[in-house]
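Dear colleague,

Please read the notes with the model open beside them.

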Amino acid sequence: MTELSFHMAQRVLDSQPFSALVGARITEFGDGAAVLEVDVREELTQQNGFLHGGVLSYAADNALTFAAGTTLGAAVLTGGFSIQYVRPAGGRTLIARAAVVHTGRRQAVVRCDLYTADDEGAEKLCAVAQGTVLSAPPT
C-alpha cells in the first residue's frame, strides 16, 4: 500500500480538471478521514440561489474516496454512494467531512457529512452521504 501524504493528496485533487473547475481544496487528510472544501459562488448554484446538488454530490464522492485512500492506499475508485439532502445549501463555504467506518482488504465503507459555513463560520448540516470505495485494479 502506498502511503499518502497531505501534499500528495492535494496534488491528486489539483490534477482533476473538474476539481479545479469548482475550486476544491483538501483541508484535512489522514487516519481514515478527509475534509474537502469548496467556496460557494454564483456559478455553482441552481435557479433558487442554493448550491447545486451536483456540487454536493461531487464533494461527497471525492471526500469519500480521499478518506478511503488513507486506509486502502492511493489507487481507489468509488464503488457507489448515496446522498440524502437535509436542507438547501446556502452560505459561504461547503465543507465535506468524510470518515472511514470500516476497511476490509479491498474496500472501505465511508460516511460523509456535508455542511455549509456562513461568514462567521457557523455551520449547518445540508447533506449526508455514505459509500463504498474499492481498491482499484492494477493497470
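**Cysteines**

A search of the whole structure finds zero disulfides, a disulfide being a pair of cysteine sulfur atoms within 2.5 Å. The sulfur of Cys112 has its closest cysteine sulfur in Cys126, at 9.5 Å, which is too far for a bond. Cys112 is buried, with a relative accessible area of 0%, and Cys126 is likewise buried at 0%; here buried means under 20% relative accessible area, exposed over 50%, and partly exposed in between, with a 1.4 Å probe and protein chains only.

**Basis of the values**

Please bear in mind that this is a predicted model, in which local features need pLDDT of at least 70 and side-chain atom pairs count only at pLDDT 80 or more, whereas totals for chains, interfaces and linings use all residues. Residues are numbered from 1 along each chain as its sequence is written, and side-chain values use heavy atoms, with hydrogens and water left out.

**Overall fold**

The protein has three helices and six strands, and from the N terminus on its elements run α-α-β-β-α-β-β-β-β; helices (H or I, at least four residues) and strands (E, at least two) are DSSP runs, numbered from the N terminus. With 139 residues, a compact globule would have a radius of gyration near 14 Å, and the protein agrees with this at 14 Å; the radius is taken over C-alpha atoms, and the globule rule is 2.2 Å times the number of residues to the power 0.38. Along its principal axes the C-alpha trace spans about 45 × 25 × 25 Å, and 38% of the 139 residues count as buried. Among contacts between residues at least 6 apart in sequence, 60% join residues at least 24 apart, where contact means heavy atoms within 4.5 Å.

**Helix α3**

Helix α3 covers residues 53-72, and its 20 residues should span 28 Å at 1.5 Å a residue, which agrees with the 28 Å between its end C-alpha atoms; the expected span is 1.5 Å times one less than the number of residues.

**Aromatic pairs**

The count comes to two aromatic pairs, for which rings of Phe, Tyr and Trp (its six-membered ring) must have centres within 6.5 Å, with planes under 30 degrees apart counted as stacked, over 60 as edge-to-face and the rest as tilted. The rings of Phe18 and Tyr58 have centres 5.3 Å apart and planes at 70 degrees, so this pair is edge-to-face. It links distant parts of the chain, with Phe18 in helix α2 (residues 17-22) and Tyr58 in helix α3, 40 residues apart. Phe18 is partly exposed at 45% relative accessible area, while Tyr58, at 11%, counts as buried.

The rings of Phe29 and Phe66 have centres 6.3 Å apart and planes at 80 degrees, so that pair is edge-to-face. Phe29 lies in strand β1 (residues 25-30) and Phe66 in helix α3, so the pair ties together parts that are 37 residues apart in sequence. Both Phe29 and Phe66 are buried.

**Phe81**

Phe81 belongs to strand β3 (residues 76-85) and is partly exposed, with a relative accessible area of 30%. Leaving aside neighbours within four places in sequence, Phe81 is in contact with Ser57, Ala60, Asp61, Leu64, Ala129, Gln130 and Gly131. Phe81 and Ala129 are 48 residues apart in sequence, and their C-alpha atoms are 6.8 Å apart in space.
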